[in-house]
Amino acid sequence: MSDQTHLHAEHDIAPGDEEQHGIRERIIGYVVGLGLALLLTATSFFIAGTNLVWQPSIPIALIVLAIAQMGVHLVFFLHITTGPDNTNNVLALAFGLLVVFLVVGGTVWIMAHLNQNMPPMDQFIKMNS
Amino acid sequence: MSMTAALGHAHADPHHIGVVVEHPGPAPKRIVTAYGFWVFLLSDIVMFSCFFAAYAVLVDQTAGGPKGSEIFEQRNVAIETVCLLLSSFTCGMASIAADVRNRFWFYLGMAVTCVLGLIFLAIEFNEFADLVSRGYGPSRSAFLTAFFSLVGCHGLHVTAGVLWLLTMMAQVFAKGFRADVLRRMMCFALFWHALDIIWVGVFSVVYLLGGGA
């Protein structure tokens with residue numbers, strides 16, 4: 001294995017590496033990412049404590065904002081893109097996300113149904129009498 | 001059919017002299033190392049997803065103890081979030097400085113990242129110590145167990161990250177910007193940015209969703 005740090009066009013690039021850019025462009029990328037992330041964070045904290053919006057929409061808004069901010073971090077800080085030189089990185093990320101959604105979604109789904117189908121005995125007797 | 005054709009071809013040309021190389025050979029070590037570390041980070045995120053799932057299941061099991069909205073302080077969480085976000089930015093600046101072999105900006109970026117990480121840890125430690133001193137330790141209820149495990153696990157990762165950060169500064173000081181040191185620096189930057197992504201999940205799900213209810 002060679003120890004070169006420059007990138008070959010025929011390989012995927014390393015996660016975290018960018019395509020060849022000047023320093024200026026790279027710094028601007030981080031500044032844009034920081035600005036977007038701060039904006040999304042501020043919105044999250046504002047939405048969580050406000051009475052201006054319909055209350056049941058708040059949890060969904062918070063989740064959407066969190067996913068959006070994770071996307072901003074992935075693109076601007078970790079430099080994961082949809083470019084052809086990033087296929088391996090994106091596929092690994094997609095598999096990781098699949099497992100995360102299976103674990104979290106599956107757990108919440110199953111446990112909610114268990115709570116519904118197996119209430120404590122006193123409630124169960126009340127329901128059936 | 002194609003098997004036999006390939007076998008026949010191999011017999012005719014055992015050392016692949018006449019074969020045009022279609023594959024470019026192994027990728028450079030920087031790509032292999034960073035990719036392997038990326039796979040580790042994803043497995044770490046899968047581990048955190050288990051803690052998130054446990055927290056989501058146990059969040060209402062307070063056993064007569066405090067609910068999330070009674071113990072969370074939004075102002076502290078906002079300061080922690082800004083600290084971690086800014087440290088992610090300064091870590092990016094330090095990686096750029098390392099790529100262009102600029103020692104001054106590298107040390108400055110890493111030092112600011114370290115200070116911001118330590119401020120984050122200090123606030124989190126104070127929060128934990130305060131909760132325990134009020135009798136709301138991890139053994140009080142299933143909700144608090146899940147809360148301490150999830151947030152504490154992230155805090156342990158940040159602690160490890162700060163130690164790694166100091167090691168990287170020492171290595172650059174002692175060895176300079178060698179290729180292996182730069183690879184480690186790259187893995188560290190990936191680690192630090194991934195921690196910030198997990199923190200986005202923590203403050204949204206634990207502090208904001210749990211604080212409003």
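A residue is called buried here if 20 or more other C-beta atoms lie within 10 Å of its own, exposed if 12 or fewer do, and partly exposed in between, with C-beta atoms placed from the backbone. The structure is a predicted model, in which local features need pLDDT of at least 70 and side-chain atom pairs count only at pLDDT 80 or more, while totals for chains, interfaces and linings use all residues. Residues are numbered from 1 along each chain as its sequence is written, and chains are lettered from A and ligands numbered from 1 in the order in which they are written.

With 28 other C-beta atoms within 10 Å, Pro15(A) counts as buried, although its place is in the segment before α1 of chain A. Two residues are in contact if their C-beta atoms, placed from the backbone, lie within 7 Å. Setting aside residues up to four places away in sequence, Pro15(A) touches Leu78(A), Ile80(A) and Asn89(A), and also Ala34(B), Tyr35(B), Trp38(B) and Leu190(B). Asn88(A) is 73 residues from Pro15(A) in sequence, yet their C-alpha atoms are 9.0 Å apart.

Chain A itself has 4 helices and 0 strands, where helices (H or I, at least four residues) and strands (E, at least two) are DSSP runs numbered from the N terminus. Of its 129 residues, 21% are buried. Among contacts in chain A with a separation of 6 or more, 59% join residues 24 or more positions apart. An automatic or database domain assignment divides chain A into domain 1 (15-81) and domain 2 (85-129).

Chain B has 7 helices and 0 strands. Buried residues form 38% of its 213 residues, and 81% of its contacts with a separation of 6 or more are between residues 24 or more positions apart.

Within chain B, helix α5 covers residues 103-133. The buried residues of α5(B) are Phe106(B), Gly109(B), Met110(B), Thr113(B), Leu116(B), Gly117(B) and Phe120(B). They pack against α4 (74-99) and α6 (142-175) of chain B. Just after the helix, Gly135(B) has a positive phi of about 85 degrees.

The two chains meet through 48 residues of chain A and 46 residues of chain B. On the chain A side, the elements giving two or more residues are α1 (23-49), α2 (57-77) and α3 (87-117). That side consists of 28 nonpolar, 15 polar and 5 charged residues; Ala, Val, Leu, Ile, Met, Phe, Trp, Tyr, Cys and Pro count as nonpolar, Asp, Glu, Lys and Arg as charged, and the others, Gly among them, as polar.

A nonpolar core is a set of buried Ala, Val, Leu, Ile, Met, Phe, Trp, Tyr and Cys residues joined through C-beta atoms within 7 Å. The largest one has 76 residues, of which Phe52(B), Leu150(B), Leu190(B) and Val206(B) touch the most other members. Two or more residues come from each of α1, α2 and α3 of chain A and α2 (29-58), α4, α5, α6 and α7 (179-212) of chain B. Helix α7(B) gives the largest share, 20 residues. Beyond its neighbours within four places in sequence, Val206(B) contacts Tyr55(B), Phe147(B), Leu150(B) and Val151(B).

How values were computed
Expected span 1.5 Å × (residues − 1).
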